[in-house]
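Hi,

Here is the structure I said I would pass on.

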Amino acid sequence: MDGMTATTSRKVLLAAPRGYCAGVDRAVIAVEKALEQYGAPVYVRHEIVHNKYVVKTLEKKGAIFVEETEAVPEGNIVIFSAHGVAPVVHDEAARGKLATIDATCPLVTKVHKEAVRFAKEDYDILLIGHEGHEEVIGTSGEAPDHITLVDGPDDVAGVTVRDESKVVWLSQTTLSVDETMETVDALKDRFPQLISPPSDDICYATQNRQIAVKQMGAEADLVIVVGSKNSSNSVRLVEVALGAGAKDAHLVDYADEIDEAWLEGVRTVGVTSGASVPEILVEGVLDWLAERGYDDVETVTAAKESITFSLPKELRRDLRAEAAELAAGPESGAANG
């Protein structure tokens, strides 16, 4: 900032759309509604969405986050996260006599259904995604004997299939569009008859947030992405910003994680947030920047989003009574399916 004058004003480019997508909004509201309707505790298998602030806020309201279904005491309610679960997890919940709320994002459910359909038709399914990510684990569990994970272009050389005329690719919903298509192109070079999913698997929100970052990245000296390190779509936004020409880009959960040294010589700061990030965290970053002279905020709009999803249907039932009934006797165990 040395040598900066009033004529070289500092400004912020604020990406739109940013933050919560429809699937995240639905999942978070599902936990809040369950706590309102049924009272604490309500158990959630894995983080409902990949954001520290959201998880901590829900914990304060009475949500208990567990890594595995077996950790939930029988006769309780468990919510499955927006990332989706494999069929075996539903079986575990039934064995554990648990009432369930499935908060899986409908766009993830779409990929699950595609996996089931292509497996029934005996296709080899090449699932493009990151090993160990909850969404990949859930999708793979739908058809484990038919799915091969392809974690980026470098994995393509090692892929083998049974019949090159019956191969389809699917993808995790939160990937970089550009990197995914690079992987698809490499797969098509190896398997010319590879077919694509009926509709794009990478979700609309992931794509829109990446397009907005591309638009502002070339103009920005620094891009700050608000999001957690275990959020795939947030991490991708940092990569997309750098690929679009931003000189520097960083991922932060909160404004107090920003290093003042990043602002050295910076006139234009781009700001965006991942699809699991509430707007209050972005506002905190904007306030932090304004205190340091970056108070001229210009919105860069890439798309208008109006998609909403209805809440999980299970919230219309008396799940506490169902859970108690399940816990009371094995003869009612089938009611949880």
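A word on terms before the notes: on a 1 Å grid over the protein atoms alone, a pocket is an open set of points with protein on both sides within 12 Å along at least five of seven lines, while a cavity is a set where a 1.4 Å probe fits but cannot get out. Please also keep in mind that this is a predicted model.

Pockets first. The second largest pocket holds about 170 Å³ of space. Its lining is made up of 13 residues, and Cys21, Ala22, Asp25, Ile307 and Thr308 are the ones nearest the centre. Helix 1 (residues 22-38) gives the largest share of that lining, with 4 residues. Sorted by class, the lining of this pocket comes out as 8 nonpolar, 2 polar and 3 charged residues.

The largest cavity has a volume of about 250 Å³, and among the 24 residues lining it, Cys21, Val24, His83, Thr174 and Asn233 are closest to the centre. Helix 1 turns up here too: it supplies 3 residues, the largest share of the lining of the largest cavity. At least two residues each come from helix 1, helix 4 (106-120), helix 7 (204-217) and helix 8 (232-243).

Helix 6 (residues 177-190) contributes 3 residues, the largest share. By class, this lining has 2 nonpolar, 6 polar and 3 charged residues.

Four strands form an open sheet in the order 3-2-4-5, with parallel pairing. Strand 3 (63-66) and strand 5 (99-102) are at the edges, each pairing on one side only. On average, neighbouring strands of this sheet are turned by 30° against each other, direction ignored. Helix 3 (residues 87-95) packs on the sheet and touches strand 2 (42-45), strand 4 and strand 5; the direction of helix 3 makes about 175° with that of strand 4. Strand 4 (residues 77-80) pairs with strand 5 in the parallel sense over 4 bridges, and Ile77 stands opposite Ala99 in strand 5.

Cheers

Key. Residues numbered from 1 in each chain as written. Predicted model: local features only at pLDDT ≥ 70, side-chain atom pairs only at ≥ 80, totals over all residues. Heavy atoms only, no water. 1 Å grid on protein atoms, 1.4 Å probe; cavity = no way out; pocket = protein on both sides within 12 Å on 5 of 7 lines; lining within 4 Å. Points joined across faces, edges and corners; volume = space filled by probe spheres on them. Nonpolar A, V, L, I, M, F, W, Y, C, P; charged D, E, K, R; others polar. Pairing = 2+ DSSP bridges. Axes fitted to C-alpha atoms, helices over the stretch in contact; angles between N-to-C directions. Contact = heavy atoms within 4.5 Å.
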